Structures are given as structure tokens and as C-alpha cells.
Amino acid sequence: MNKNGLVLWAGPSAINGEPIVVIATGLKRKSANAKIGADTVQVWYLPRDVAPNVAVKTGADEAVCGDCIHRPSKGGSCYVVTYQAARAVWQAYQDGSYASWDGNTLPFIGRVVRFGAWGDPAAVPEGTLAAIRDVARRHMAYTHQWKRESASHLRSWCMASVDSAPDYLRARSAGWRTFRVRDSDEELHERERMCPAADESPVAAVMDCGKCSGCDGLTRGAKRPSYAIVVHGSRAARFNN
């Protein structure tokens, strides 16, 4: 068995009912992704029966990504290279390499957890991952489903992923903290700050998501700023807000 990961949950997507699986990785090995932090646990929301790199072409990614405008199947600018880590995690699941989580929170105590290496927390029923969140030292989470009433419960611990000034204002007025993708020439809005770990940040060389852990919704209060990042990744040219 691959002890670096656990199957946290499997069942019908809360977005469209298609079968999905939720997997945590990084339990034993450090992450190679310098931006998120070497010791960060990553949670993946994956279509159960379709490889991620295939799902982004066929539209099967809807089960875990919902109506996110960055979906490649919709011509979007998603930065996740699904034929790499996401595909490897999915394949390990297909091979039976991960044990199913028994509810023991010990592997997550004191850890930083990123609830969304790929996919959206709105894909699972409310409360599914609460026990992990309760024992984690810090967490990061984002949802593009913030406009849906069914996702309103995520406001307390997720950032609303927004892609335009109108969406930023709408989400803020609805009580969300936000994480906005912007063009390089766009100004920051009121109560919005540059993502400290972004390439364009003056402290990027010494900062990562694990150290910052600012993207945790209302977990530590509603008065904290929202964040913005310049669009990045191999599909950045597709971004149109």
C-alpha cells in the first residue's frame, strides 16, 4: 500500500451526481511543489472512473469542478497539469494503492491541509471533511461554486474563487472572502491584497501557501483581506475576465 495517501471519501458528486473519489496525499512524503509548502497535505477531488487528463477534454471534470470558468473543456485557463500529479493520484487509486480512511485524524493533526489540489470542495456533502479541518493547524480552500445556495456552507472555511471585479463585489457583499485571478495590469480592489506567495509578490522567494495559510475563508474572522493573483500557468493566455 502507498502510505503517502488515503481515500477520504467516495460517492456521488454533490455537483452533478456522477461518481467521484476524494484522496489526501502528502501524508508521508514532502511535496515537490514549492509554492504550496513541502509539508502541506493535498486533497484531490477526482472523477472516479475517468482519468483527470481525459476528463478535462470530455467535460467529465464537471463532477469535481462544477461551472468553473477555467475548465479546459470550456476553453478555460486552468493551471493544473492534469496528466501529471492528478493523473498519478487517480491511477494509484485505480490500482488499489491507497487505503480507505477510517476516520482517524492522527495523520492530519497539526498539518497544513490544502483542500483542493484539483477539484472543488463543493463536490462533497457538507461536513465530509470537517474532522480533518478541526485538527489541522491551518488550511487553504477555494470554491468556484460560491454562487450556488447549496455551497453557502463553504463560506465559513473556503475562499470564493472570483475572476472579475463584479464577481468580487458580489461575493464580498454576500459575506465571502475572495481569491481573485486578475490580469497583470489590473489594480487591486479595496480590502484586497496581493497573494504573498504569488510570483509577482515581493516576498515570493521566502513565502509559500503553507506559511501564509491566509486562504481559509471566515475561519479566523471576516475582517481579514481577500487576495488576488496574476493569472499564470501554460493556459494563462486563455484568461478573459
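The following legends describe close-up views of a predicted model. Local features require pLDDT of at least 70 and side-chain atom pairs pLDDT 80 or more, whereas totals for chains, interfaces and linings use all residues. Residues are numbered from 1 along each chain as its sequence is written, and side-chain values use heavy atoms, without hydrogens and water.

View 1. Ala 24 counts as buried because its relative accessibility is 0%, the limit being under 20% with a 1.4 Å probe and protein chains only. Leaving aside residues up to four places away in sequence, Ala 24 touches Asn 4, Gly 5, Leu 6, Leu 8, Val 41, Gln 42, Val 43 and Phe 108 (contact: heavy atoms within 4.5 Å). Thr 105, 81 residues from Ala 24 in sequence, lies 12 Å away, C-alpha to C-alpha.

**View 2. The open sheet of 10 strands.** The order is E4-E1-E2-E3-E5-E6-E7-E8-E10-E9, with mixed pairing; two strands pair if DSSP finds at least two bridges between them. E4 and strand E9 (192-194) are the edge strands, each pairing on one side only.

**View 3. Pairing of E2 with strand E3 (residues 41-47).** E2 and E3 run antiparallel and are joined by 6 bridges. Ile 23 has Trp 44 of E3 as its bridge partner.

Definitions and conventions. Buried < 20%, exposed > 50% of the residue type's maximum accessible area, 1.4 Å probe, protein only. Helix = DSSP H or I, 4+ residues; strand = E, 2+ residues; numbered from the N terminus.
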